[in-house]
Amino acid sequence: MNTTTVLPAAAPRPVADRTAVGEHLALPLFRSLSGSLAGHPYLKVVVDRAEDTWHLLDTAVHPFHVDYIATRVLGMEPAELDSCLDAFNASVYMAPDRRFLLGVLSLHTDEDTEGRRRPFLVLETTEADTMDGALLEEFYTYVRHRLDGRLPLLLKPANHGQEHALAPISDVRVPRILSHELFGHRTRTPLNPGEAAGRLRHFRTPEEYAAAAGALGGSDILAMPCLPDDVPRVAGFINTAATTPLSHTNVLAAGWGIPNAIVRDLDRLIDAESLDGGWVRYRVTEDDISLVPLAPAAVPAAPARRRQPIRLQTPLLDDISARPLRRLRRADQNRYGTKAANLGELHHVLDARTADLTAFHGQPRPPRPDLYRHLAARLGTTHPAAPGQLRAAAADFVTGTVSAPDGIALPFGLQHRFVTSSPALRQGIDRLKAALDRGALDAVEPLCLRLQQLVRTAAFPDEVTREIVRALPAGPAAGRRLVVRSSANAEDLPGFSAAGVYDSVTSVHGADQLLDAVRRVWASLLSPRSVRLRQQAGISLDDTYMGVIVQPYVPADLGGVLVTCNPTKRADFRNVCLNCSPGSPEAVVDGTALPLQYLYNTVEGGGRTVALGSSGTDLPAATRERLAQLALAGRLLQSHFSAPDVDRPLDIEWLMTDQGAFHLVQIRPYAR
């Protein structure tokens, strides 16, 4: 006979006694046993196929499926499970003849045609589960027959593999919902965790924001549909329309350590609580977002701002020679800038193939001593492997997946030689430094704007012109479209990414346009916003210099950003987040288009679509599989570029050509 087993805590509770009456799960029982995840009640489910039994786990007592199965069903000791955890996981998540089917039931609501709210349940497995279509249908049918018939039940594929496996199965037999359909329009979405007390400033239009932007400061929590890239440093961000965790503004939020979230119903909250312009405590966690009015007595007199200890290496200014990117190494960042040095280091990693790209997977992940077994499976090699075999396989995989861009780096010395050649520039910089030293903030902006104008118009010394023009391609490549990017020593740093702060010029042809583009990039080092942000971070104007990268333009079918972490769940060591849209990465990072969003598991494998963005349709399965390879390559590069702290994630901008080749155009630390 079919039975329903509900396990209580150490002592029986009334709720457990109620569940022994029948086989069907109704809402009262669900709510009594459920926990909360991302604001939704959820309940863990185990189906024992051998015993024709299902178990509903009390989430407060049994947070992990495998611990429960091993200790409470199979009678294993915890230490015994720890000693064979990966093999045990494979038996319950990947074996085609598995005894147990594991999943989660979550409770959601939608509106019917008459506007009434109605509950429905969603069943899903873990992201690493490899159930085929037959097992998924069996799992769904088993649970469906044991639920209150009034509750709709939908199956949510946990990864792209399950989506493919379900495709031949009628959605009448197995009604389903995709992740982006379930969560793409959620009312509230955490983006960057944090907590702040500040004055809520809500702007419904860009014009409203522009009128008040000059008065915004560190005590304000800024709310608007789309935060501008030139936003000043404030206490917190609230997006009232959809955005991505990889936008420039969320990168800034992560770097500044301030809370950021999507709150689509902010208008309703403001009207209900009279919050606009008032002081609130704003808290964002992985599972919750709250805005609580502060009583006058609780308003802080001077909200504390986290100061980031930024340390710049002494810039080297003696050399004015342009140099190919492939000749640079990471140590050249104090001469050519962090961005150029990282791209040069990427060339070295791909060409020399001597770097250890397995270090991230070699870290202990208790109770596992390391993740080498999983990496070997991803790379198609054996485990344990002969000495050096896994490292060689990782190097082969990365080299076969990504390439480094060609280009020329212009050093700090060129900018320094240009500035020192102009008495007007030297005097203007001295005035700006004096204004910053005495805290004369009203004087900073006009001084910066005047300096930027001087940079754009002052004469180039002949030697500076010669070195810049040397960056132009010669021979058959002459006349090609170029891209000119910043490479300052005050960007792409741990704790100070400067995302979107400095200028790039993406369409340059010929010597005159190249000279103008270099001026524009140099001038962005003196913009009011960049000067203000560096001052707030404790970076002196005296220490800041701008290098420039000149690259051939690479046309792309797809472009985007990959961060080697899950930005909204920092303890997750499995997943990396990838955003993309047709064309260049700029559309992703500057917010002009909502990107497709994916999470890829770089341990057990698999990926899932989080949001479709502005495109409205998902990418073909073959392209998503290529993106999975890019995700793993990014994780492997993290082992080298983040050393010695190999858990520190990377922020990688990339392009994919029409031949499916990946070009990495930027590698930098991602703030945690």
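User: How many bridges join strand β21 to strand β22, and how do they run?
Analyst: This is a predicted model, where local features need pLDDT of at least 70, side-chain atom pairs count only at pLDDT 80 or more, and totals for chains, interfaces and linings use all residues. Residues are numbered from 1 along each chain as its sequence is written, and side-chain values use heavy atoms, with hydrogens and water left out. Strands (E, at least two residues) and helices (H or I, at least four) are DSSP runs, numbered from the N terminus. Strand β21 covers residues 558–563 and strand β22 residues 575–581; they run antiparallel, and the bridges number five.

User: Which residue in β22 stands opposite valine 561?
Analyst: Two strands pair if DSSP finds at least two bridges between them. Opposite valine 561, β22 places asparagine 579.

User: Is strand β20 largely enclosed or open, and how many of its residues are buried?
Analyst: Buried means under 20% relative accessible area, exposed over 50%, partly exposed in between (1.4 Å probe, protein chains only). Strand β20 spans residues 546–552 and is largely enclosed by the rest of the structure, because its buried residues number six of the seven.

User: Which residue in β20 stands opposite serine 487?
Analyst: Strand β18 (residues 482–488) runs antiparallel to β20, joined by seven bridges. Strand β17 (residues 408–410) is also antiparallel to β20, with three bridges. Serine 487 faces glycine 547.

User: Are helices α17 and α18 roughly parallel or antiparallel?
Analyst: Helix α17 (residues 423–437) packs on helix α18 (residues 441–457) at about 160°, axes 10 Å apart. Axes are lines fitted to C-alpha atoms, for helices over the stretch in contact, and angles run from 0 to 180 degrees between N-to-C directions. Under 35 degrees counts as roughly parallel, over 145 as roughly antiparallel, 65 to 115 as roughly perpendicular and the rest as oblique. The pair is therefore roughly antiparallel.
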